[in-house]
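Dear colleague,

Please find the structure below, handed over for your records.

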Amino acid sequence: MSSTQNNNKSSSRITWEGCSVLLDINDGDRLVFARLSPAAKLKIGNKNCSLQPLIGCPFGTVFQLDTSSDGPFLSPFQPKGDVNNTDEIKDGHDQPNSDSKDNRSLIDNNTAQSLTGEDIEDMRRQGAKGNEIIEALIANSATFDKKTSFSQEKYRLKKQKKYAPRVLIRRPVARSICEAYFKKYPLKIGFLRVDTLSLLLSMANVSSNSDILVVDMVGGLLTGAVAERLGGTGFVCNSYLGQTPPSMDIVRIFNLSDEICKRIVRSSISDLLSPKESPQQNPKQDVGSVESQSIDQMSVSVNMEEVSHSPENGISDLGAENTTFPVLKAHKAIKAGEKASQEILDSWKENGFSSLIIAAPDLDTWTVVRDLLPLLSNSAPFAIYHQYLQPLATCMHNLQLEKMAIGLQITEPWLREYQVLPSRTHPHMQMSAFGGYILSGTKICSS
């Protein structure tokens, strides 16, 4: 696949073979990351269905699990006017008996439903779809008509999740990935909530053509979010302590294009702190006139041509005499997280980074900040995330004593989720009450 095709697909609104998707099953009851391919399978309940129908569909498409003689399969969901009558029950004014209905007389003794499990299995064997089973359950319920409109919708939704589960294709971007991991596996991302992630990017002034220094120990979520916002401009330098870099598995979920992946590089903190290499160590090949430089370039080209045409390299000699410039090897596409070149490192050591973002709960915050803050250019912002307050308070106190930064503040993000439905808008009963802390400031010249 060419780089242009990759870039077009990564920015497309339609899924393609090999792309990553976030599958939202039954309105957030289950979240699954998957890579689409003809052989990929998704298990819903006790049924395995192929993900082949999802290839080539727009993001945001809803599929419904149906069964046939060949087995379960996913088909595009076609909403009907009578499936969800939320607008009809708004404020309860459109139904004449809504004021007289209540659930006081209903007794849950498992006798209201006359349709048995064997009857449902018989319907499935005869090829009945999920919606047909739901309608049969409603028709055979002795108490459905006595329930309020809200209770009827709740009953219908409960049966739909069981007999006709739906799958929503979501695009894996920073927000959706962070929300999914925070709900499914928050420890891997250091309990980094989506509002905290957005606040980190804003406080660090992540914008186009910026060189961002990142210490990411939250699975690569922070690195991917920064690269996504840069959009193929600037660089993201993922730094780490020691010789083994931490995992960046989440970056592969973003569907980043080749151009954006080239902008994600890695470097150990020791390499960043090492002194810049002196250009005087190189031989004096660039001293002289323009004519001598062109001659040197031609001689280098000839030497490269001779090496490339040698039988030891396994490259054919056919048409070698007509080659004006050699192509030595087919270069592989640069993947996210390649080691930063010495030229880029020297440029950063001379000019400094545009900003610094740290999300490393397992490291000592003050030690990392003390080593990396001098790598920033003057007046560059920085933002540090930690799950607990004390490491950031200690770091803030030391920064004030060392006079390394100004505008220091510790922020605690706060988020409240609301359910917004007709006549039932209220805060969620169960939501995250804690989003960690962020220490932000501006680096100054300490000389």
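**Aromatic rings and charges**

F235, W348 and F353 make up one aromatic cluster. The model is a predicted one, in which local features need pLDDT of at least 70, side-chain atom pairs count only at pLDDT 80 or more, and totals for chains, interfaces and linings use all residues. Residues are numbered from 1 along each chain as its sequence is written, and side-chain values use heavy atoms, with hydrogens and water left out.

Rings of Phe, Tyr and Trp (its six-membered ring) are taken as a pair if their centres lie within 6.5 Å; planes under 30 degrees apart count as stacked, over 60 as edge-to-face and the rest as tilted. Five aromatic pairs are counted by this rule.

F235 also has a charge over its ring: the charged end of R263 sits 4.9 Å from the ring centre. The criterion is NZ of Lys or CZ of Arg within 6 Å of the ring centre and within 35 degrees of the ring normal. R166 likewise lies over the face of F77, at 3.8 Å from the centre of that ring.

**Salt bridges**

Side chains of opposite charge can pair when their charged atoms come close. With a salt bridge defined as a side-chain nitrogen of Lys or Arg within 4 Å of a carboxyl oxygen of Asp or Glu, the search of the whole structure finds eight. One of them joins E135 and R156, at 3.1 Å from N to O. Because E135 lies in helix α3 (residues 130-139) and R156 in helix α4 (residues 149-163), this pair ties together parts that are 21 residues apart in sequence. Helices (H or I, at least four residues) and strands (E, at least two) are DSSP runs, numbered from the N terminus.

E135 is partly exposed at 43%, whereas R156 is buried at 17%.

A second salt bridge links R170 and E179 at 3.4 Å, N to O. R170 is partly exposed at 23%, as is E179 at 26%. In the bridge between D249 and R252, the closest N and O atoms are 3.5 Å apart; D249 is partly exposed at 34% and R252 is exposed at 54%. Salt bridges that share partners join R170, R175 and E179 into one network.

**Helix α4**

Helix α4 has 15 residues and reaches 21 Å from its first C-alpha to its last, close to the 21 Å expected at 1.5 Å a residue; the expected span is 1.5 Å times one less than the number of residues. Its buried residues include S149, Y155, R156 and Y163. The buried residues of α4 pack against α2 (117-125), α3 and β7 (166-170), where contact means heavy atoms within 4.5 Å.

**Two buried strand residues**

S355 lies in strand β12 (residues 355-359) and is buried at 1%. The side chain of S355 reaches the backbone oxygen of A204 at 3.1 Å. Beyond its neighbours within four places in sequence, S355 is in contact with residues including D211, L376 and P381.

H386 belongs to strand β13 (residues 381-386) and is buried at 5%. A polar atom of the H386 side chain lies 3.0 Å from the backbone nitrogen of Y388. With neighbours within four places in sequence left aside, the contacts of H386 include A360, T365 and Y437.

Yours sincerely

Key. Buried means under 20% relative accessible area, exposed over 50%, partly exposed in between (1.4 Å probe, protein chains only). A polar contact is a pair of N or O atoms within 3.5 Å; within protein, one must be able to donate a hydrogen and the other to accept it, and residues adjacent in sequence count only if both atoms are side-chain atoms.
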